[in-house]
Amino acid sequence: MNCTVINLSLFCVCVFVSSQWERLWFLFLTFSFFLTLVWFYFWWEVHNDYNEINWFLYNRMGYWSDWSIPILVTTAAGFTYITALLILALCHIAVGQQMNLHWIHKVGLGLFRDSKLL
């Protein structure tokens, strides 16, 4: 009887803590989605100034390269990745299951968000 009560209370604590962390990760995912959306919109609309960006980078690095395409492709790939994660998270919430992000997705999400903030 005592073992069952301990296991049940431990289970309740784990579910409570897990759901709090999952809510935090969902907010983090939502914030990253909107940040990436704004970043993608910026790079999509700045196409008139790609030459200026390339000149700026040329003056800093010393060699000419078209940096607009890799930046736009990387941003689009990250936006697609975060959008897919958000859609899957919303599907989990709609069904009533917990959203369990794998640690690789958490690291990728953090790195992609930090690269946009810097």
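Author: What follows starts with the chain as a whole and the confidence in it, and then turns to the ring pairs and their surroundings.

This is a predicted model, and the mean pLDDT of the protein chain is 75, with 80% of its residues reaching 70 or more. The chain holds 4 helices and 0 strands, and its elements run α-α-α-α from the N terminus on. Confidence is lowest in helix H1 (residues 2-45), where the mean is 68, and highest in helix H3 (residues 68-95), where it is 85. Over residues 1-17 the pLDDT stays under 50, and for that stretch the model has 1 contact beyond four places in sequence. Where pLDDT is low, the predicted coordinates should not be read in detail.

An unreviewed UniProt entry carries the annotation "transmembrane region" for residues 24-44 and 67-95. In the model, residues 24-44 are 100% helix and 0% strand, with the end C-alpha atoms 30 Å apart, while residues 67-95 are 97% helix and 0% strand, with the end C-alpha atoms 42 Å apart.

With ring centres required to lie within 6.5 Å of each other, the count comes to 7 aromatic pairs. One of them joins Phe33 and Phe79, whose ring centres are 5.7 Å apart and whose planes meet at 25 degrees; because planes under 30 degrees apart count as stacked, this pair is stacked. Phe33 belongs to helix H1 and Phe79 to helix H3, so the pair ties together parts that are 46 residues apart in sequence. Phe33 is buried, at a relative accessible area of 14%, and Phe79 also counts as buried, at 17% relative accessibility.

A second example is the pair of Trp55 and Tyr58, with ring centres 5.5 Å apart and planes at 90 degrees, which makes the pair edge-to-face because the angle is over 60 degrees. Trp55 and Tyr58 are 3 residues apart in helix H2 (residues 50-61), and therefore about one helical turn separates them. Trp55 counts as partly exposed at 42% relative accessibility, and Tyr58 is partly exposed as well, with a relative accessible area of 32%.

Returning to Phe33 and Phe79, ring pairs link these two with Phe34 and Phe40 into a cluster. Phe79 is also among the residues touched by Thr36, which lies in helix H1 and is buried, with a relative accessible area of 1%. Leaving aside residues up to four places away in sequence, Thr36 touches Thr75, Gly78, Phe79, Ile82 and Phe112.

Ile82 leads on to the largest nonpolar core, which has 20 residues; the members that touch the most other members are Trp25, Leu29, Trp43, Ile82, Met99 and Leu109. The elements that give two or more residues to this core are H1, H2, H3 and helix H4 (103-117).

For the chain as a whole, buried residues make up 27% of the 118 residues. Among contacts between residues at least 6 apart in sequence, 75% join residues at least 24 apart. The accessible surface comes to about 8500 Å², and 73% of it belongs to carbon and sulfur atoms.

How values were computed: Residues are numbered from 1 along each chain as its sequence is written. This is a predicted model: local features need pLDDT of at least 70, side-chain atom pairs count only at pLDDT 80 or more; totals for chains, interfaces and linings use all residues. Side-chain values use heavy atoms; hydrogens and water are left out. pLDDT is the predictor's confidence in each residue, from 0 to 100. Contact means heavy atoms within 4.5 Å. UniProt positions are given in the numbering used here, feature names are shortened, and annotations may be inferred rather than shown by experiment. Rings of Phe, Tyr and Trp (its six-membered ring) pair if their centres lie within 6.5 Å; planes under 30 degrees apart count as stacked, over 60 as edge-to-face and the rest as tilted. Buried means under 20% relative accessible area, exposed over 50%, partly exposed in between (1.4 Å probe, protein chains only). A nonpolar core is a set of buried Ala, Val, Leu, Ile, Met, Phe, Trp, Tyr and Cys residues joined through side-chain atoms within 4.5 Å. Accessible areas come from the Shrake-Rupley method with a 1.4 Å probe; for residues, only the protein chains shown count as cover.
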